[in-house]
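Here is a short report on one protein chain. Please have the model open as you read.

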Amino acid sequence: MKINKSNKVKILPITELEKTALKSKILNSVDNLSYRRSKRNKGLAMSLAFSIVFLIGGFLYYQNQPTISITDFVNESKPIDFSKENEVVLVLGDGKNLKIDKKDSNINYSKSGNKLTIGNDTEIEQETTRDSKVAYNTLIIPYGKRSKINLSDGTIVWLNSGSKLIYPVAFNGDRRELYLEGEAIFDVAHDKNHPFIVISKDQEVKVLGTVFGVTSYPEEGVINTVLKSGSVQINYHNDPELHHYSDKIKITPGTKATYNKESKSIISEKVNVNNYFSWRDGFLIFKNNDLHYVMNRIARYYNLKVNIKNEELAKEKFSGYLDLNENIDKVVKNIAASTNMKYIIEEDKIIIN
């Protein structure tokens, strides 16, 4: 490029050599600029990636803080000897035991779960989590007692003698899970987005909103589920080696599903639901039930042991109505009148010959 000496600048055509040199200079400038931008962008990208990883890591850390499922909690819980308890006991998440006498057997939770009311005048505040874990309460109903509980989701549960219910103080997950040992009637608050799950040994009952009863005593060879309204799906854990429920059945109102623990078989039949719910109102209704079954149920109510020495007598069928507000002697007399059995009532035992 040439410039004359005048005050005006005139641009003349450049030579091929000058073109090559200029092209080379431009390319070098572009490369340097791209490198600087690339380096800066790379740094920004690495910084952003690190931030994302840090945030995700932090989120996962807090989300994956040590927690415990209800089945793990159950497995870690100590077994209960119901015959040695005299009062209803509520075990709070912090391990504190509250003894509840008969007149205060109704228990109510607030919607948040952090306020607990026992009877008409006792209020307790508690945390819904403890050490970043779900807080579970345990309600223990000894022989001879019954109780009613309103859970934080609005579900009502009636618990029979010799039963244990383990449940979260507040239902915060996708499923409303609790664990039952013994016998209970559930009036489930409807929530289609959060199915209600009653877990017991070898069985899981899944519902959205319905009224049903479950009888699952460890010493009995069957688990009964009786449906009054709505619908339920029952999953049975037939193989202890598997970690899932291998059989399932749906039942309709007025149906009882019976799972035999030994044979792993399932039978469903139409029944009079009131016969299975009557204990909630303080009486028992039997229809062609054997004496062994009848006496075992009575023994739980009166906290007595039963010894039937005659095996043939134990298989005899009994039908009738028993008022649980009467004393044990009158109740057994009513049974004896229809079976011609002989019995002796000792301090804590009924001996039948």
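## The largest pocket

Strand β21 gives the most to the lining of the largest pocket, with seven residues. This is a predicted model. The pocket holds about 1,000 Å³ of space. Its lining counts 43 residues. Nearest the centre lie E220, F286, N289, Y293 and R297.

At least two lining residues come from each of β12 (176-187), β15 (211-216), β16 (222-229), α3 (274-277), β21 (283-290), α4 (291-302) and β22 (305-308). By type, the lining has 17 nonpolar, 13 polar and 13 charged residues.

N288 sits in strand β21, the strand that gives the most residues to the pocket lining. N288 is not a glycine, yet its phi is positive, near 55 degrees.

D202 is also not a glycine, and its phi is positive at about 75 degrees. D202 belongs to the loop between β13 (196-200) and β14 (203-207). Is D202 buried or exposed? D202 counts as buried because its relative accessibility is 18%, and the cut-off for buried is under 20%.

Strand β3 (residues 106-109) pairs with strand β4 (residues 115-118). The pairing is antiparallel, over three bridges. N108 stands opposite T117 of β4. The two strands form a hairpin, with five residues between them. In that turn, G113 has a positive phi of about 90 degrees.

Strand β4 also pairs with strand β5 (residues 122-125). These strands run antiparallel too, joined by four bridges. I118 has T122 in β5 as its bridge partner. β4 and β5 form a hairpin with three residues between them. G119 lies in this turn, with a positive phi of about 70 degrees.

## The chain as a whole

How many helices and strands does the protein chain have? The chain has six helices and 25 strands. Of its 353 residues, 41% are buried.

Now the contacts. Among those with a separation of 6 or more, 51% join residues 24 or more positions apart. The accessible surface of the chain comes to about 21,200 Å². Carbon and sulfur atoms account for 51% of that surface.

Conventions: Residues numbered from 1 in each chain as written. Predicted model: local features only at pLDDT ≥ 70, side-chain atom pairs only at ≥ 80, totals over all residues. Heavy atoms only, no water. Buried < 20%, exposed > 50% of the residue type's maximum accessible area, 1.4 Å probe, protein only. Contact = heavy atoms within 4.5 Å. Areas by Shrake-Rupley, 256 points an atom, 1.4 Å probe, with all protein chains shown as cover. Pairing = 2+ DSSP bridges. 1 Å grid on protein atoms, 1.4 Å probe; cavity = no way out; pocket = protein on both sides within 12 Å on 5 of 7 lines; lining within 4 Å. Points joined across faces, edges and corners; volume = space filled by probe spheres on them. Nonpolar A, V, L, I, M, F, W, Y, C, P; charged D, E, K, R; others polar.
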